[in-house]
Amino acid sequence: MKPKVYFTRSLTPESVVEAYHKLGITLPGRVAVKVHSGEKGNQNYLTPEFWKPVVDDVRGTIVECNTAYGDASGGVRDNTESHLRLLEEHGWTKYFPVDLMDAEGPDLIWPIKGGKVLKENHLGKNIANYDSMLVLAHFKGHPMGGYGGALKQLSIGCASRAGKALIHSAGKTDDRYETWKAHASKTEFPEAMADAAMSVAEHFKGRIAYISVMKNLSVDCDCCMVAEDPCMKDIGILSSLDPVAIDQACIDIVMNSDDPGKEHFMERVNSRNGLHTIEAAAELGYGSREYELVEF
């Protein structure tokens, strides 16, 4: 039976809640809500006000982890002190409890059985404090992964700083300064993302839901201090219990669009071999590229 992906063209905070309820799941216990909090200076990230109704609905805690990029990037999310300050500046702490899961070590290390590239995933240790997870993805492009969606939120999004270095280097190093010297190939990097995503998806199996918002469709990620402005018109909101299906559905909607900006968007995806993340995740068996799209 094909997994369902629910889709609405309405782009309101209330529609996010409706998309969640379409899934027919009640996330139990302490709910980790994975968002992208937005790099300092980024103009495209989705604000806490946009996500507030659904986070309130599940009574969730916003979770994030530090980034792996070094000081040269100009970003401020690569260390706990400045990252916490930015979370406050962006308004997350105004509305929600916020947990920077790798603020203090040691990292939590989960083995990855049958992974294509990685043998283990290094995560912010506080992920173990949650019973379930709601993955809120802002679907858009990405400078290295081609696109960012649910699978990226599971993988790089939940990885600690060391874990991110491992993913970016295809398991060669957990040192964030060395990882850029030992960079993964265009095949290894998406496969490493798929491996890491699998460990989180399997950990929360039956207690995890995914929502992706196709808005502010830039070829750049919310991790960029200065992102390119959106190249496509806003599209809508999707929800699913399958991380592979929801990412594939987002890509399919872009490819089937008559928006002239889709060529620029897909050039970013294809030039980075971004679809291979979806292919690898499906091959690993924790999601399906075939799905039933249900518009509401």
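Predicted model: local features only at pLDDT ≥ 70, side-chain atom pairs only at ≥ 80, totals over all residues.

Biologist: What makes E2 and E7 paired strands?

Modeller: Two strands pair if DSSP finds at least two bridges between them. Strand E2 (residues 31-34) and E7 have four bridges, in the parallel sense, so they meet that definition. Ala32, for example, has Met133 in E7 as its bridge partner. E7 also pairs with strand E10 (residues 208-214) in the parallel sense, over six bridges, and His138 stands opposite Val213 in E10.

Biologist: Why do E4 and E12 count as edges of the sheet?

Modeller: The open sheet has eight strands in the order E4-E3-E2-E7-E10-E11-E1-E12, with mixed pairing. Strand E4 (98-100) and strand E12 (292-295) each have a single partner strand, so one side of each is left without a neighbour in the sheet. The twist averages 25° from one strand to the next. Strand E3 (residues 61-64) pairs with E4 in the parallel sense over three bridges, and Glu64 stands opposite Leu100 in E4.

Biologist: Which helices pack on that sheet?

Modeller: Helix H1 (residues 13-22) packs there, touching strand E1 (4-8), E7, E10 and strand E11 (236-240); touching rests on contact, meaning heavy atoms within 4.5 Å. The direction of H1 makes about 25° with that of E11. Helix H2 (residues 48-58) packs on the sheet too, touching E2, E3, E7 and E10, and its direction makes about 170° with that of E7.

Biologist: How do you know that E7 is mostly covered?

Modeller: Buried means under 20% relative accessible area, exposed over 50% and partly exposed in between (1.4 Å probe, protein chains only). In strand E7 (residues 132-138), seven of its seven residues are buried. Ser132, Leu134, Leu136 and His138 are on one side, with Met133, Val135 and Ala137 on the other. In H1, the buried residues are Ser15, Val16, Val17, Ala19 and Tyr20, and their cover includes E1, H2, E7, E10 and E11.

Biologist: Why is H7 called oblique to H10?

Modeller: Axes are lines fitted to C-alpha atoms, for helices over the stretch in contact, and angles run from 0 to 180 degrees between N-to-C directions. Helix H7 (residues 188-203) and helix H10 (residues 275-284) pack at about 45°, with their axes 8 Å apart. That makes H7 oblique to H10, because angles under 35 degrees count as roughly parallel, over 145 as roughly antiparallel, 65 to 115 as roughly perpendicular and the rest as oblique. Residues meeting there include Met193 and Met198 in H7, and Ala280 and Leu284 in H10.

Biologist: Is Thr173 buried or exposed?

Modeller: Thr173 is buried, because its relative accessible area is 14%. Its place is in the loop between helix H6 (161-168) and H7. Leaving aside neighbours within four places in sequence, Thr173 is in contact with Ala165, Leu166, Glu178 and Thr179.

Technical notes. Residues numbered from 1 in each chain as written. Heavy atoms only, no water. Helix = DSSP H or I, 4+ residues; strand = E, 2+ residues; numbered from the N terminus.
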